[in-house]
Amino acid sequence: MAGRLEGKVAMVSGAARGQGRSHAVRLAQEGADIIAFDVCRQLDTVPYPMATPEDLAETVKLVEKLGRGIVAGEADVRDSAAVQALVDGGVREFGRLDVVCANAGIAGIVENTWSITEDEWEELIAVNLTGVWKTVKAAVPTMIQAGNGGSILITSSTFGLKGMSRMAHYASAKHGLVGLMRTLATELAPHFIRVNSVHPTGVNTPMIVNEFVAQVLSDADGSFSLQNALPVEMVEPVDVSNAIAWLASDEARYVTGVSLPVDAGFLQR
């Protein structure tokens, strides 16, 4: 039985581990060939260990094990030329681009909004908001020219639907993605390119499960938590990936301009 994305090509940013790796593997399971990239180095203001080249190599192995093709490379979403090179190389290899998963992002937890340093603010906004715009900017002209329609999926957060203490820079970027998504959905509808955002709560990935976040949670006075509405501590990456796979497929061919929460726990509080 053919997968829901058989014959299509999907690009995933932040694909070395966590949600990005899960999305790449899940879309490959549905028959897509993959263009994958990640920065694969430590950024200056990020307080937890980031993905490595070895992580990205593991993603490549997992996709290839499924019998799908993959073009992968190290690229920073803030670097327009590097992202464009990945898009162009992937299209040369596979002949098309149908799905964009703008997933790459970083997180930061601070004492309060006014204690955020300029470097912390600017780096997070550059990666989480501007980097998504640069990813989409690199991909859209090729998708329009091909005339095949397609799906753009932007990873926001439930912090993109509600504010949260100690994460003003993160929440600001994730709220900004909703505006970007809604605008793109309107602009790209005539080309049958759908644009949606997904809004996960706490997900069991290295961005959340690390010593830095564990210490923050341990020291929290109730102003910060990872509680979900459903009776689970965290959702798994594949739970988000299943939503991504559906939104990328023709089953969701008329779904556009939607902000989809994956567990709305933060919205309940």
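Predicted model: local features only at pLDDT ≥ 70, side-chain atom pairs only at ≥ 80, totals over all residues.
Seven strands make up an open sheet, and their order is 3-2-1-4-5-6-7, with parallel pairing. Strand 3, residues 70–74, and strand 7, residues 259–262, stand at the edges. Each of these two has a single partner strand, so one side of each is left without a neighbour in the sheet. On average, and with direction ignored, neighbouring strands are turned by 15 degrees against each other.

Another helix also packs on this sheet: helix 2, residues 53–65, touches strand 2 (33–38) and strand 3. The direction of helix 2 makes about 175 degrees with that of strand 3.

Within the sheet, consider strand 1, residues 9–13, and strand 4, residues 99–102. These strands run parallel and are joined by three bridges. Opposite V12 stands C101 in strand 4.

I close with a pair of helices. How do helix 3 and helix 4 pack, in angle and in distance between their axes? Helix 3, residues 80–94, meets helix 4, residues 118–146, at an angle of about 35 degrees, and their axes are 9 Å apart. The crossing of helix 3 past helix 4 is right-handed. Helix 3 contributes S80, V83, Q84, V87 and V91 to the contact, while helix 4 contributes K134, T135, A138, A139 and T142. Sorted by class, this contact has five nonpolar residues, four polar residues and one charged residue.

Technical notes: Residues numbered from 1 in each chain as written. Heavy atoms only, no water. Axes fitted to C-alpha atoms, helices over the stretch in contact; angles between N-to-C directions. Helix = DSSP H or I, 4+ residues; strand = E, 2+ residues; numbered from the N terminus. Left-handed = near helix turned anticlockwise from the far one by under 90°. Contact = heavy atoms within 4.5 Å. Nonpolar A, V, L, I, M, F, W, Y, C, P; charged D, E, K, R; others polar. Pairing = 2+ DSSP bridges.
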